Amino acid sequence: MGVTTDQDEQNGAPSPGLAPSPVPRRRGRRRIALAVSFLGELLITAGLVLGLFVVYSLWWTNILADRQADRQGDKVRDHWAAGKDSGPGALDTKDGIGFLHVPAMHNGEVLVEKGTSTSILNDGVAGYYTDPVKATLPTTGKNGNFTLAAHRDGHGAKFHNIHKLKDGDPIVFETKDKWYVYKVFATLPETSKYNVDVLTAVPKEAGVKKPGHYITLTTCTPIYTSEYRYIVWGELERVEKVDGKRTPPKELR
Amino acid sequence: MYGWIWRHLPGNAWVRALLSAVLVLAVVYVLFQYVFPWAEPLLPFNDVTVDNQ
């Protein structure tokens with residue numbers, strides 16, 4: 001029943017019940033009304049799509065990334081468990097080189113992989129820089145800067161709580177057989193995204209002049225945008241050997 | 001637009017409501033699976049690295 005009346009209206013033929021009126025003017029107004037309602041619907045649609053985009057970027061990407069990171073993290077741990085006698089030096093950089101534990105960020109462990117491209121970071125991991133300044137991995141034992149980046153929001157949001165890090169907070173990097181315990185000593189809450197000096201082996205902006213074993217975390221700021229970069233620096237305090245039960249260092253207990 | 005779609009769906013009101021829901025889900029799927037992943041890197045909300053470009 002509803003069908004016929006609808007179609008009648010659409011064809012511009014008023015049903016007999018309606019009062020007859022000058023047809024052309026009715027039709028013109030009708031056309032305007034249609035255009036306006038079409039425009040309104042488009043605007044509503046645009047609003048809904050933008051809302052969905054927020055849902056996508058702040059919620060759905062986290063789910064996908066966490067799933068991916070868990071899978072890759074499990075793989076790394078399996079490798080470690082299985083590869084006890086596979087000989088040293090076989091550093092598997094494809095699945096990740098270790099895990100970052102930052103108690104102040106309350107986000108558990110973060111897998112660390114090579115590279116900071118979007119496709120890597122979108123898997124919910126932290127990436128160490130290969131460009132523009134190559135990171136010095138702590139496993140090499142050399143002086144240098146272990147520079148890392150991860151997402152602030154979406155895609156796992158692994159560095160979401162970076163602003164909760166204060167001087168003296170521990171940052172622990174776990175590899176197959178060592179715990180590297182860093183202590184935060186400087187933060188830079190806002191800097192230009194072109195400021196690559198923060199990644200140098202001796203980051204002057206952190207207030208250090210001598211070469212040492214540094215770690216640098218970078219992410220975007222303010223939250224939900226990426227106008228600037230947030231930087232946290234730490235220095236290696238000690239290295240612990242991993243025992244048979246992988247007992248974490250006291251900072252993580 | 002939505003009225004037009006509604007009028008062109010077959011069946012009675014319940015069938016149409018069901019079909020509409022399916023259409024909405026299909027659109028959301030396409031957005032989440034293809035459109036948003038494509039659009040996200042083009043928008044300046046989630047760049048986390050420092051670089052010199």
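In the predicted model, K114(A) has Y128(A) as its bridge partner in β3(A). These residues belong to the pairing of β2(A) with strand β3 (residues 126-128) of chain A, in which three bridges join strands that run parallel. Strands are taken here as DSSP runs of E of at least two residues, and helices as runs of H or I of at least four residues, both numbered from the N terminus; two strands are said to pair if DSSP finds at least two bridges between them. Residues are numbered from 1 along each chain as its sequence is written, while chains are lettered from A and ligands numbered from 1 in the order in which they are written. Local features of the predicted model need pLDDT of at least 70 and side-chain atom pairs count only at pLDDT 80 or more, whereas totals for chains, interfaces and linings use all residues.

Strand β2 (residues 109-114) of chain A also pairs with β1(A), in the antiparallel sense and over four bridges. Within this pairing, F99(A) stands opposite L111(A), and E109(A) in β2(A) is the bridge partner of H101(A). H101(A) has V172(A) as its bridge partner in β5(A), and L100(A) has F173(A). In a regular strand the side chains alternate between the two faces of the sheet.

These pairings form part of a closed barrel of eight strands in chain A, which runs β1-β2-β3-β4-β7-β8-β6-β5 with mixed pairing. From one strand to the next, the twist averages 30 degrees, where axes are lines fitted to C-alpha atoms (for helices over the stretch in contact) and angles run from 0 to 180 degrees between N-to-C directions.

Overall, chain A contains three helices and eight strands, arranged along the sequence as α-α-β-β-α-β-β-β-β-β-β. Of its 253 residues, 32% are buried, a class that requires 20 or more other C-beta atoms within 10 Å of the residue's own, with C-beta atoms placed from the backbone. Contacts are defined by C-beta atoms, placed from the backbone, within 7 Å; of those in chain A between residues at least 6 apart in sequence, 58% join residues at least 24 apart.

The mean pLDDT of chain A (the predictor's confidence in each residue, from 0 to 100) is 87, and 86% of its residues reach 70 or more. Over residues 1-15 of chain A the pLDDT is below 50, and this stretch has eight contacts in the model beyond near neighbours in sequence. Where pLDDT is low, the predicted coordinates should not be read in detail.

The contact between the chains takes 34 residues from chain A and 18 residues from chain B. On the side of chain B that touches chain A, α1 (2-8) and α2 (13-39) each supply at least two residues, and the largest share, four residues, comes from α2(B).

Note on methods
Buried ≥ 20, exposed ≤ 12 C-beta atoms within 10 Å, placed from the backbone. Contact = placed C-beta atoms within 7 Å.
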